[in-house]
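Welcome! Please take a look at the model below, and then we can walk through some of its side-chain contacts and backbone angles together.

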Amino acid sequence: MEMENQLVELCLNSACESKDSVEKWRRQKRSLERLPSHLADALLRRLHARRLLYPSLLEVVKYTIEVVDLSGENAVDSEWMAYIGAFRYLRSLNVSNCHRLSSSGIWAVAGMTTLRELNISRCLKVTDAGIRHLLSIPTLEKLCIAETGITARGVTLLSSLKTLMFLDLGGLPVTDQALSSLQVLTKLHHLDLWGSKISSSGSDVLQMFPKLNFLNIAWTNVTKFPNLPHLECLNMSNCIIDSTLKGPGDKVPLKKLIASGATFSNETEDLRFVGTSFLYHLDFSNASLHRFCFLTHMKALEYLDLSSTTIGDNSIKLIASVGENLKNLNLSCTTVSSSGVGILAGKVPKLETLSLSHTMIDDVALSYISTMPSLKSIDLSETDIKGYIHLSAAVGSEFLSLTKLRTLDCLEMLNLEHTHVDDGSLRPLSKFPRLSHLLIRSPSFTDVSLSYLSSLPNLKTFSIRDAVLTNQAFDFLKPAATLQKIDLRGCWLLTEDGLLEFHRRFPQIEVRHELFHFLSDPTSSSRPSTHLTPKKLRLNQRNRSTVTSPYFVDQRLKYSREELLALQFSSLAHSSTSTPETSRKSDS
């Protein structure tokens, strides 16, 4: 099976090698008509990724393709849709963010008897006329038309699509009257109404959707919510919540509650409607909360986001009391300190993701974090972490605090951007065998950090931004075979020639820098993509042949960024002042 997969991969790569290779196989129309659906889908996605897909090419796979995803493709227009409309077995079409697509293009898929899913979100030229074309698709079960040019009148037309189960109307001017017209869609289980014009009184009609288990009414004027017994996920972000339960009935057995940026009049009273036995996801980020005692009843919580709230060390014990099943905890942008983290020590055995960005923690917190054995991802950016703990006043009595994290055998991602760590304090990270994503950002880092950190055995993404790196670092660089992406933005001492040389040596690694952005080929480790490359892809042969002493010190390190720019501009100004007479004298 593995050899068969490798052979298929080679065939797909060969077929998508270039325009010439595409032209060769597109003539074999009969063979392509027999291509299995999953292979035809892989071929289409690869052609799209390599910018080799054009409208007439769609015709050769019209009998095999079942799923088409062209989201974000600006070239998609009525011509593309005409070919897609001829697909015999198409069941899912995603043309969201295709800004040239208009209502006339939607006409091409009218009457399709196999289409079950359609996404035209953020196609601003699609209007009510486009909805009329969709009414002739009897099999449509999922429809996404968020942020299009459709009006409330166009929304009322959707009442004819009785098979709809998933409907996204986000960002559309849906009124109470328009929502009322949709109550005939009794199969709906997912409804997005964020940013609509519905009111609390108009939301009463939601009780007419007996199977509704997902509802998004964020950014609306709804303050009182009707009792929907089957509702599992509710989004009331940026709403002013007075009372969430309206009418008689038991507590709603919610599994997921999102109220980011919401304003509560009385959070304890307003949340009485929630059946806490099933609630596992709670997002109250940036919400106006004053008390957090409601947490004590939420024993099933796995995801908790209280970032940008008023929570502090005094309330952390409430989180600890429900920490047994917690897997994801976000306390970023709060007043939590190392003492608060200490309260969680030993109380969150299943915690996998911890975010403490923009908090007041310091190196002491690392000892407490080390007692959370299941951690896979830690965000400590914008904190007071230094990487050192001074044991005494004696010289050399410093302890490398990041050593504490070695006990976390599952740790895969660590974010130390904008902390106070430096080259020396990062050395314990070289002993983290499973670390695959590392982010650091500070002018305290030099070539030394790039050299030994990029060789971590399982490293996939390495971001070392705003560092004082020089081209010399690339000469001795031996990155791990797993490294896929390196972000060098803000490393202003690096030159174009140095970056190009790095790209030549390691074409499989995606490189990000202000001078250019090289993307590796998503399907080949040996051939780099030319997408988003600079205008000139040439190396300075003279510089490449120059042997640099390992003791060489880049003299630019003595200057600040502003001083170097001033020297550069003064040099350009000096060269531009040479007159034609001077040039003729020099030629003679």
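This is a predicted model: local features need pLDDT of at least 70, side-chain atom pairs count only at pLDDT 80 or more; totals for chains, interfaces and linings use all residues.

| Arg 100 | Asp 77 | 3.4 Å |

Let's start with Arg 100 and Asp 77, which form a salt bridge. Arg 100 sits in the loop between strand E2 (92-94) and helix H6 (103-106), and Asp 77 in the loop between strand E1 (67-69) and helix H5 (78-84), so this pair ties together parts 23 residues apart in sequence. Arg 100 is partly exposed at 48% relative accessible area, whereas Asp 77 counts as buried because its value is 16%, under the 20% cut-off.

Arg 434 belongs to the loop between E21 and E22, and Glu 412 to the loop between strand E20 (398-400) and E21, 22 residues apart. Arg 434 is partly exposed at 42%, and Glu 412 is partly exposed at 27%.

Arg 441 lies in strand E22, while its partner Asp 466 is in the loop between strand E23 (461-465) and helix H15 (472-475), 25 residues apart. Asp 466 is partly exposed, with 24% relative accessibility.

Now for the backbone. Most residues other than glycine have a negative phi. Asn 286, however, has a positive phi of about 60 degrees, and is found in the loop between strand E14 (281-283) and strand E15 (303-305). His 418 also has a positive phi, near 55 degrees. His 418 is placed in the loop between strand E21 (413-417) and strand E22 (437-441), and is partly exposed at 35%.

Note on methods. Residues are numbered from 1 along each chain as its sequence is written. Side-chain values use heavy atoms; hydrogens and water are left out. Helices (H or I, at least four residues) and strands (E, at least two) are DSSP runs, numbered from the N terminus. Buried means under 20% relative accessible area, exposed over 50%, partly exposed in between (1.4 Å probe, protein chains only). A salt bridge is a side-chain nitrogen of Lys or Arg within 4 Å of a carboxyl oxygen of Asp or Glu.
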